[in-house]
Amino acid sequence: MKVIVDSGSTKADWKFLSGEEETSLHTMGFNPVFHSSDQIEQEVNKAFKGIVDLEQEAEIYFYGSGCWDQKRKVIIENGLKRVFTNAKIDVHHDLLGAARATCGNDPGISCIIGTGSNTCLYDGKDVIDNVTNLGYLCGDEGSGTHLGKKLIRHYFYRELPKELEAAFEVFVGGGKQKILDTVYDGTPPNVYLASFTRFMSEHVDHPFIQRILYRSFAEFIDRHVRKYPGHLKLPVHFIGSIAYVFQDMLKIVLTERAMHHGIFIKQPIDNLVAYHREFAH
């Protein structure tokens, strides 16, 4: 049995492959920055006990956020080993998952734009370069969090056109105080800020929203993607809900810079399954 896992911090997609059969399951996400081996063991046991034969021989390929060094990869590996007792476990950063899902066996540039953002240069086998991702406090250009910050700044600084301001106040349902309370005292601020992109998608034809999108994506492309050698020749691929929903604007930004877009996909799991069926042995 092969098991392919694509995990963010909040949700993980699992594919169990046995011959031509595929089974799809889901759990909470596991990020070694926030979760311990004990938590991973408990949650996986709870999700799969009685559904999956946890003692059969298996190869598990786990692609996850936060898995950028061996210290953090071991946290995931140890948690899974306690549950899948006869498994060979490979833990990789989600950037390698993005590259394999979009580029397959070919060179390219792969971008993740969801709640956060990240990029890498891929040679067809390995990630060979990565412009450092500074996270939502200092970076994450182009991401849902970055877009949400821009939108609420315009709202608080009285810069939204009147029709957008009225619609936004209905959307928020609690005004400026609710936003401040939630950002500084509520749910993880990056997830909350990214939630405002739903408002932007509902008003994507408004010129003011288009300008926010354009400037954020231009900053993302200029600060990250254009730093890679070969960026004018290689296809630039995208994974993530933000990239998928607003792909028309990303295509405009790339075309203006004489760059070439590749594919846009919401989630990498099905493409990762195809990669492991075709290339990985």
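User: Is isoleucine 51 buried or exposed, and what is its relative accessible area?
Analyst: This is a predicted model, where local features need pLDDT of at least 70, side-chain atom pairs count only at pLDDT 80 or more, and totals for chains, interfaces and linings use all residues. Residues are numbered from 1 along each chain as its sequence is written, and side-chain values use heavy atoms, with hydrogens and water left out. Buried means under 20% relative accessible area, exposed over 50%, and partly exposed in between (1.4 Å probe, protein chains only). So isoleucine 51 counts as exposed, with a relative accessible area of 58%.

User: Where does isoleucine 51 sit?
Analyst: Helices (H or I, at least four residues) and strands (E, at least two) are DSSP runs, numbered from the N terminus. Isoleucine 51 has its place in the loop between helix 1 (37–48) and strand 4 (58–64).

User: What radius of gyration does the chain have, and what would a compact globule have?
Analyst: The radius is taken over C-alpha atoms, and the globule rule is 2.2 Å times the number of residues to the power 0.38. For 281 residues a compact globule would come out near 19 Å, which agrees with the chain's 20 Å.

User: Which residues touch the most other members of the largest nonpolar core?
Analyst: A nonpolar core here is a set of buried Ala, Val, Leu, Ile, Met, Phe, Trp, Tyr and Cys residues joined through side-chain atoms within 4.5 Å. The largest one has 42 residues, and helix 10 (residues 207–223) gives the most to this core, with 8 residues. The members that touch the most others are Leu151, Phe168, Ile179, Phe196, Phe217 and Phe238.

User: What does phenylalanine 168 touch?
Analyst: Contact means heavy atoms within 4.5 Å. Leaving out residues up to four places away in sequence, phenylalanine 168 touches Leu151, Ile152, Tyr155, Leu160, Ile179, Phe196 and Phe199.

User: What is phi of arginine 158, and is the residue buried or exposed?
Analyst: Most residues other than glycine have a negative phi. Arginine 158, in the loop between helix 5 (144–156) and helix 6 (162–172), has a positive phi near 60 degrees. At 73% relative accessibility, arginine 158 is exposed.

User: How does alanine 258 count, and at what relative accessibility?
Analyst: Alanine 258 lies in the loop between helix 12 (247–256) and strand 10 (260–265), and its phi is also positive, near 60 degrees. Alanine 258 counts as partly exposed, because its relative accessibility is 48%.
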